Structures are given as C-alpha cells and as structure tokens.
Amino acid sequence: MNKWDDFVRACSSCNKCGLYQNRRNVVIGRGLVKQVPILFVGEGPGEQEDIKGEAFVGRAGKLLDLLLDAMEIKPEDYYITNVVKCRPPNNRIPTKDEVDACIPWLRYQFSAIKPSIVVCLGSTAAKALIDNDVKITEIRGNWIDKQGKILIMPTYHPAAVLRDNGKRADFYLDVKKVRDRLFQMTSG
Ligand code: URA
C-alpha cells in the first residue's frame, strides 16, 4: 500500500462538501502517478468525467489532448486534475466553500507529483492557485513564479475556447509557452 493509494481511498469517500451527494464518481485526475513536470488544473468534472471517473475525457478534454499531441507534449510529461473532484450540478462554478473543502486533495497531489510547471485552465483554477481576485483575461499568458519553485501559466479553460473561437489563438500561444519551457528544461 503506498500513500497515493491511501489518498485515492480517502478522496473517493470524501463528503466534506455537498457535492458528494450527486456524484457518480470522484474524479481524481488522469495520468501516470509519478513525478511529472507539468500539472494541468481545471475547474471540476463535467458529465462525462463524472460518468467515467477520469478527468478531461469530454469535449474540452479532447480539444486539450489534440493540442498537447500537436505540440508533442507527451502523456508522460503531465498529470491533469481539477480544483474540485466531484461534479457541480449542471456544471455550475464551484462555490468558494466547495473549493476550500476540496483544496487539501489538490495540495496532496502537488506534493506527490512535484510539478515544475502548473497550468491553470480557466478562472476557477487561477483564483484557487494564484489569487481570488484575478481575472483570467488579464493574467493569461504570463508566467507567475511561485516562490522560485513552481512556474504557473494561467490560460483559458478549453471549454471556454470551444464556446468562443476568438480565444483559440491565445490558448494555443499559452500552451506553446508551456511546451517551450518544458523542452528547455528537458534539454538541460
Ligand atoms: N472541465 C473541467 O474543468 N474538468 C474536467 O475534468 C472536464 C471539464
């Protein structure tokens, strides 16, 4: 039994906020459970994720996968998770209380994965990980250095890109910055 298994068991039976009442599955994340350079953080599971128990497996996830593949960011380079691990009803934005209740699980994931780069996908992740008052449209595309240990790249949520094609070019540019940094890091 390792610590990650203990975490998964505890997280899967969590009832620290009301979201547990309607969930089909707790969605821990997606990816290999080991230290990887990049952690992507979304908002919360949608319908497909709730059904399948895996993060970003619906339309937004497919867009992200296509982009990562095109940029040669490989599955072994990243882990992908969400701020809240249970689906908010009708995909509403999780409340501050729900985020606060769930954040210790994300903290544990940070400590296990030890990412050098964190990509905030959308406003909920940016507010939870950077500052509650940030506006994603103002800060996206700019690296934020967190205590010299982690670089954070805030960008749009892929679901927002699907809704508004005008965000697509910026989203691609932001992920390209992540790719360039990853390649710099891995080429020594
Ligand atoms: N949107 C998210 O924020 N996370 C998912 O896992 C799916 C859609």
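Biologist: How do the residues of the shell around the ligand divide?

Modeller: Sort them by class: Ala, Val, Leu, Ile, Met, Phe, Trp, Tyr, Cys and Pro count as nonpolar, Asp, Glu, Lys and Arg as charged, and the others, Gly among them, as polar. In this predicted model, the shell holds two nonpolar, four polar and two charged residues. Residues are numbered from 1 along each chain as its sequence is written, side-chain values use heavy atoms, and hydrogens and water are left out. Local features need pLDDT of at least 70, side-chain atom pairs count only at pLDDT 80 or more, and totals for chains, interfaces and linings use all residues.

Biologist: Which residues surround the ligand?

Modeller: A residue is near a molecule if one of its heavy atoms lies within 4 Å of it. Here the ligand is surrounded by Gly42, Glu43, Gly44, Glu49, Ala55, Phe56, Asn82 and His157.

Biologist: Where are the polar contacts?

Modeller: Look for pairs of N or O atoms within 3.5 Å. A polar side-chain atom of Asn82 is 2.7 Å from a ligand nitrogen. His157 places a polar side-chain atom 2.7 Å from a ligand oxygen. Phe56 uses a polar backbone atom, 2.9 Å from an oxygen of the ligand.

Biologist: How many helices and strands are in the protein chain?

Modeller: Count DSSP runs: helices are H or I, at least four residues, and strands are E, at least two. The protein chain has eight helices and five strands.

Note on methods: A polar contact is a pair of N or O atoms within 3.5 Å; within protein, one must be able to donate a hydrogen and the other to accept it, and residues adjacent in sequence count only if both atoms are side-chain atoms.
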